[in-house]
Amino acid sequence: MSPACLFFFRQRLKEEMSSLSAASVEASAATEGAEQKKPLKPCCACPETKKARDACIIEKGEESCTDLIEAHKECMRALGFKI
């Protein structure tokens, strides 16, 4: 292969690699955007009220924790969950 052909080949390879790299970055950015737009799952909503509610139920029983249970329900409703 002549030096001119080798130079042309290297330039073409660099162009292809940079376009592949740019496409990869765009694809990963699109994937990240889709992940950020996923709806909130009920299990992940209101972690503070959920933790307090669960601890109270374990320690004192459900009957003694109605205020914390209601606080968690209100938090969930505020985030759009139908409880």
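How many helices and how many strands does the secondary structure of the protein chain comprise? The chain has 3 helices and 0 strands, where helices (H or I, at least four residues) and strands (E, at least two) are DSSP runs numbered from the N terminus. The order of the elements from the N terminus is α-α-α. The model is a predicted one, in which local features need pLDDT of at least 70 and side-chain atom pairs count only at pLDDT 80 or more, while totals for chains, interfaces and linings use all residues. Residues are numbered from 1 along each chain as its sequence is written, and side-chain values use heavy atoms, with hydrogens and water left out.

Of the 83 residues in the protein chain, 12% are buried; buried means under 20% relative accessible area, exposed over 50%, and partly exposed in between (1.4 Å probe, protein chains only). Among the contacts with a separation of 6 or more, 44% are between residues 24 or more positions apart, a contact being heavy atoms within 4.5 Å.

Helix α2 (residues 47–60) packs against helix α3 (residues 66–78), with axes that come within 9 Å and cross at roughly 155 degrees. Axes are lines fitted to C-alpha atoms, for helices over the stretch in contact, and angles run from 0 to 180 degrees between N-to-C directions. Helices α2 and α3 are therefore roughly antiparallel to each other (angles under 35 degrees count as roughly parallel, over 145 as roughly antiparallel, 65 to 115 as roughly perpendicular and the rest as oblique). The crossing of α2 past α3 is left-handed, that is, the near helix is turned anticlockwise from the far one by less than a right angle. On the α2 side the contact is made by Thr49, Lys50, Ala52, Arg53, Cys56 and Ile57, and on the α3 side by Leu68, Ile69, Ala71, His72 and Cys75. These residues divide into 7 nonpolar, 2 polar and 2 charged, with Ala, Val, Leu, Ile, Met, Phe, Trp, Tyr, Cys and Pro counted as nonpolar, Asp, Glu, Lys and Arg as charged, and the others, Gly among them, as polar.

A search of the whole structure gives 2 disulfides, each defined as a pair of cysteine sulfur atoms within 2.5 Å. One is formed by cysteine 46 and cysteine 75, with sulfur atoms 2.0 Å apart. The torsion about this S-S bond is about -95 degrees, so the disulfide of cysteine 46 and cysteine 75 is left-handed. The pair links distant parts of the chain, 29 residues apart: cysteine 46 is in the loop between α1 (3–36) and α2, and cysteine 75 is in helix α3. Cysteine 46 is buried at a relative accessible area of 5%, whereas cysteine 75 is partly exposed at 24%. Cysteine 46 also has a positive phi of about 50 degrees, although it is not a glycine. Most residues other than glycine have a negative phi.

Cysteine 56 and cysteine 65 form a disulfide with an S to S distance of 1.9 Å. Its torsion about the S-S bond is about -90 degrees, so the disulfide of cysteine 56 and cysteine 65 is left-handed. Both cysteine 56 and cysteine 65 are buried. With the bonded cysteines numbered in sequence order, the pairing is 1-4, 2-3. Cysteine 43 is in no disulfide, and the nearest cysteine sulfur, that of cysteine 44, is 3.6 Å away. Cysteine 44 is likewise in no disulfide and is partly exposed, with a relative accessible area of 47%.
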